[in-house]
Amino acid sequence: MNEIIFFFHILLAWEPLIEPVLDDNGNVVCPWCITCSTYNCEDEEENDEDSRFLLDDPKSFSDNNKQQKQEEKLSLDAKQVIFIRAEHLLNLTVTKSMLDITQRLSGILDQAYNQKSHGNSDEDKAFLSILNMTGEVVDIDHIIGVQFLEDSDLTTPVHLEHKDSVPLTVPKERLSATRIPAISDQIANRKQEFSIKMSNLEKTVDINQTWRRIFDIGPSPITDWPIQLLCDSHLYKDRRRIVLSSIIKVLNRAIMPIIILEIDSVELGTFREVSRIEPDGELYLPLSLLYARITPRLFITIDDAKLNTHGHDCIAFNWTSESAADRRLKLNNGRDAYFVFYKESKEACLENTDEPNGTALHIYFKLALQLINLLSLDVECWIDDVEQVKLEPNNLYHSVSGNKRSMLTFVIPYYKDAKWISEPMDLNLKTNTKLKDYVLIFHSTSSQESLRLMLRVDIYRESYRASLYSVFWVLNCTDLKFEFQIENEKTLIEAIEPPFFVCPKNLDSKKKKGHIRLFSNEQNEKSSDWSEGFSLDTIKITEMVNCKVANDRTYTISVDIATSSFGMTKIITLAPSTMVINKSTIEVEVTEVETTRGEEEEEQWKLIKPEGIIPFWPRNIEQGLMRVRYTHNHLAISTFVFKEKQRTLLHMDDRERPALQTDVVISDNNGCRIVFGDYKIGDSPILLVNCLKNRQITFCQSEDIRIQVLSPRHYVYYTWMDQLKPRSLVISSDGPAATIELNPLYGKLETNDQQTVYYATFHDGPQMVLIFAEDIDIIDVATHMPSLAEKMSQHIQIGIRDIGISVIDDIARSDLFYITINKSKEVWTETRNANIIPLSRNLDHHIDEHYKKYIKNLEENPNDEELAKKKYRIDDKRNVSFDENTAELSDHLDHRVTLQRQSFDGLWVSFAWSATNQALHLRINRFQIDYAEEFTLYPVVLNPIISKALGTDLRTFHFNQ
């Protein structure tokens with residue numbers, strides 16, 4: 001398969017989906033291909049079971065061992081395996097157009113499913129349209145490569161009035177797919193064009209090159225500025241639209257409508273309105289208005305402008321000589337409104353060439369001053385003692401009376417039980433650069449305290465934007481008071497919900513470290529120790545720090561540091577490392593089980609109301625035992641381990657609520673979260689079903705003496721009576737007892753009367769079921785598994801070495817993301833049951849160290865045949881020898897295991913099946929997402945890291961499976 005392409009109706013061109021394999025010079029090496037092969041398992045010699053103990057590594061806690069044990073539970077007995085492999089990099093291109101097409105197809109299918117008729121308008125049928133925004137009549141003629149709609153009665157030339165458009169489509173022969181490698185080749189081989197007639201002048205427009213093209217129409221009264229026509233393309237209702245206009249677009253970024261005035265009327269004092277632009281609207285200036293006079297001026301006014309004998313007061317902007325300008329407009333209320341004109345040049349190409357020698361202009365009309373409150377509470381601002389405004393958090397305020405010389409005074413109505421007023425800030429004296437941060441001092445009206453905040457004043461398109469923010473927010477989510485320290489500056493953090501604002505004096509210092517310690521009224525340096533330092537110069541991180549107090553108790557605090565959405569504030573959240581959450585509908589109480597507590601000491605129970613959250617400070621985290629009870633029934637009590645991740649159902653001695661759902665979630669960053677919930681069907685560890693006609697089943701938890709009886713033809717949902725004892729069942733039926741683990745299995749119970757009782761455990765959705773029956777067919781039907789453990793002999797494996805997915809915006813012609821799924825590094829593996837299994841990390845490390853020595857010796861002595869016989873000692877019992885990428889483990893008793901050094905595919909899928917069984921295994925190896933833009937602050941979006949909790953190694957651990 002060389003490549004897959006698709007036709008994109010907006011670009012009117014074929015685009016790639018799967019690209020061929022290229023070398024470094026961009027030449028096609030070969031088509032992207034896949035190979036299929038069959039593997040006969042009976043002909044292949046695997047390592048002897050008696051020798052496989054050489055691979056054991058008791059010192060290594062390996063997730064690979066877990067994976068191997070899980071795979072052994074599957075009844076895989078593949079006689080023949082089909083391999084489908086792709087050795088080369090699979091290059092996929094996902095474009096914005098492709099996503100739009102997918103979305104549109106989904107909408108069409110949805111309409112067809114709901115029997116809705118599709119739109120029959122010309123815009124729905126057309127692939128593109130031509131819109132006239134010049135203010136003049138334009139003739140469209142000599143259309144090539146595109147055509148009118150089949151049911152259209154239009155003929156050339158087409159006379160387009162101002163704001164009129166003509167729909168066009170693509171001929172059927174254009175849609176035939178041929179081998180066209182690039183869009184540029186399509187432009188040269190298949191022309192698509194039309195001509196424009198204006199003022200007795202005709203210009204030819206290439207449809208494939210209509211992204212900001214400028215055509216000279218004729219001379220104008222303005223020196224060095226001939227009359228020019230701009231041809232540009234946009235998307236309109238999922239269709240490409242070619243817009244014919246002047247080279248100037250006016251964009252209104254003020255909060256009120258603006259009025260464009262005719263130049264002649266202004267000079268005559270009549271002030272005639274040409275057009276109106278709503279807030280956030282835009283307008284292409286008509287050609288007649290643009291080139292009316294030798295002096296190219298743009299006149300603008302607003303509805304609230306001061307009225308005089310001739311009309312509204314207005315302001316002007318010379319678009320040829322001025323790049324930016326500040327203007328003042330008199331209002332009806334006697335105040336002044338301050339505005340800014342900003343001209344932005346857009347690079348454009350001349351005619352149908354690729355020479356970027358032309359210029360299109362965007363003229364922005366804005367208010368001179370904008371204010372943003374980036375705090376978490378309301379703030380008031382006085383502007384020149386004339387305008388008082390209320391700034392809500394994260395809201396942008398456009399000031400009409402504010403300007404670049406305004407005096408700003410901020411007021412915080414309520415923070416830390418007081419009102420705060422800032423020192424005045426003179427924008428005219430402070431702002432002389434594009435971006436500057438200033439310290440703003442606030443004073444309390446009820447004490448001598450002061451507060452430091454920051455005011456960032458930046459210039460965006462010549463208007464001032466003042467942002468009030470704090471360098472750090474500190475949120476205390478515990479029930480304790482803390483002192484927060486940065487470079488010997490201390491701030492008291494109360495145990496309340498609102499954030500505390502912290503701004504250190506030395507803002508330029510790098511590698512700032514933060515410290516916390518518990519605070520008490522008798523605070524001194526000996527009562528509590530400062531925690532270890534945590535970095536504040538980070539984008540996002542969560543750390544656990546320890547705060548020791550005088551009685552040798554240690555409080556573990558989770559410190560989460562995140563960058564705010566606007567990027568100027570770091571949010572520091574202090575939370576307990578262990579939290580208890582009650583999602584049940586009943587009140588519960590919890591306490592820690594302490595074996596060191598004296599007999600006279602009472603347990604300290606903490607109440608948690610429904611939907612409540614409390615911090616939990618364990619004294620003995622190594623033991624990690626917790627008791628929980630109902631508030632209304634103190635006899636309903638249960639003990640469980642909270643230091644291990646688990647989901648279980650606690651047995652409670654209460655008739656109405658006999659069980660309490662418990663979920664213990666532990667992660668590297670967020671510590672421990674213990675969540676209680678109401679019991680629901682499916683929460684119990686096991687459902688026991690007795691299908692016997694006349695025989696009862698007795699059962700109990702291992703090492704527990706509380707025996708229970710399950711009557712014939714009855715079932716019961718069961719949970720563990722004691723969470724600290726082994727989680728297995730001891731069952732019997734008038735005979736010897738048997739111990740059953742909660743794993744899918746099948747077996748028989750012995751009885752005294754020689755009657756056979758079959759049992760099986762299986763999953764019914766999330767519920768584990770243990771079923772007993774006299775008829776083996778019942779077992780087969782209930783479990784969907786043959787009692788003889790039918791082997792899955794059919795096996796297929798699909799592997800793709802590397803996958804690269806380019807996500808691009810083909811409209812703007814820019815790269816967005818690059819997603820990669822790569823193969824792993826080379827590791828030592830064993831082939832077993834047609835599966836490649838990696839060794840434990842420690843054993844792989846030892847073998848790889850000796851392999852490096854072998855390679856070095858081989859490079860120094862390439863003709864030495866004794867190297868293949870040389871054995872390297874791993875430990876007292878094992879040796880290893882090498883032959884290129886093959887290794888052989890052996891011991892003194894001549895046990896041997898053969899290993900291969902190879903890498904895992906980036907994407908690997910294994911599927912095995914039989915008449916009644918199926919098994920699917922999907923594995924993604926190394927996964928990463930990167931920004932593909934040339935300039936970006938954070939180039940890596942997603943990159944797997946080593947897990948501290950699991951101790952995984954990226955060399956052998958898969959991203960997900």
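Author: K512 is buried, with a relative accessible area of 10%. Buried means under 20%, exposed means over 50%, and partly exposed is in between, all with a 1.4 Å probe and protein chains only. What does the side chain of K512 meet? That would be D537, in a salt bridge of 3.6 Å, N to O. K512 is in the loop between β38 (500-502) and β39 (513-518), and D537 in the loop between β40 (534-535) and β41 (540-548), so this pair ties together parts 25 residues apart in sequence. D537 itself counts as partly exposed, because its relative accessibility is 38%.

A quick word on the ground rules. This is a predicted model, where local features need pLDDT of at least 70, side-chain atom pairs count only at pLDDT 80 or more, and totals for chains, interfaces and linings use all residues. Residues are numbered from 1 along each chain as its sequence is written, while side-chain values use heavy atoms, with hydrogens and water left out. A salt bridge needs a side-chain nitrogen of Lys or Arg within 4 Å of a carboxyl oxygen of Asp or Glu. Strands (E, at least two residues) are DSSP runs, numbered from the N terminus.

By that salt-bridge rule you get 37 of them. One links D905 and R85, whose closest N and O atoms are 2.7 Å apart. Here D905 sits in the loop between β69 (896-902) and β70 (907-913), with R85 in strand β6 (residues 76-95), so parts 820 residues apart in sequence are tied together. D905 is buried at 4% relative accessibility, and R85 is partly exposed at 24%. Another joins D336 to K330, with 3.2 Å between the closest N and O atoms.

Now for the rings. Searching the whole structure turns up 24 aromatic pairs. Rings of Phe, Tyr and Trp (its six-membered ring) pair if their centres lie within 6.5 Å; planes under 30 degrees apart are stacked, over 60 edge-to-face, and the rest tilted. Take W225 and W319: their ring centres are 5.2 Å apart and the planes are at 80°, so they are edge-to-face. W225 is in the loop between β13 (213-218) and β14 (227-236), and W319 in the one between β21 (315-318) and β22 (324-330), so that pair ties together parts 94 residues apart in sequence. Both W225 and W319 are buried. Y718 and W720 are also edge-to-face, at 5.9 Å and 90°, and each of those two is buried. W828, Y851, Y854, Y872 and F882 make one aromatic cluster.

Last stop, a strand. Of the 8 residues in β60 (residues 757-764), 6 are buried, so β60 is largely enclosed by the rest of the structure. Two strands pair if DSSP finds at least two bridges between them. β60 pairs with β59 (residues 745-749) in the antiparallel sense over 5 bridges, and G747 stands opposite Y759 there. With β61 (residues 767-773), β60 runs antiparallel too, joined by 7 bridges; D764 stands opposite Q767. β60 and β61 form a hairpin with 2 residues between them, and G765 in the turn has a positive phi of about 70°.

Notes:
Helix = DSSP H or I, 4+ residues; strand = E, 2+ residues; numbered from the N terminus.
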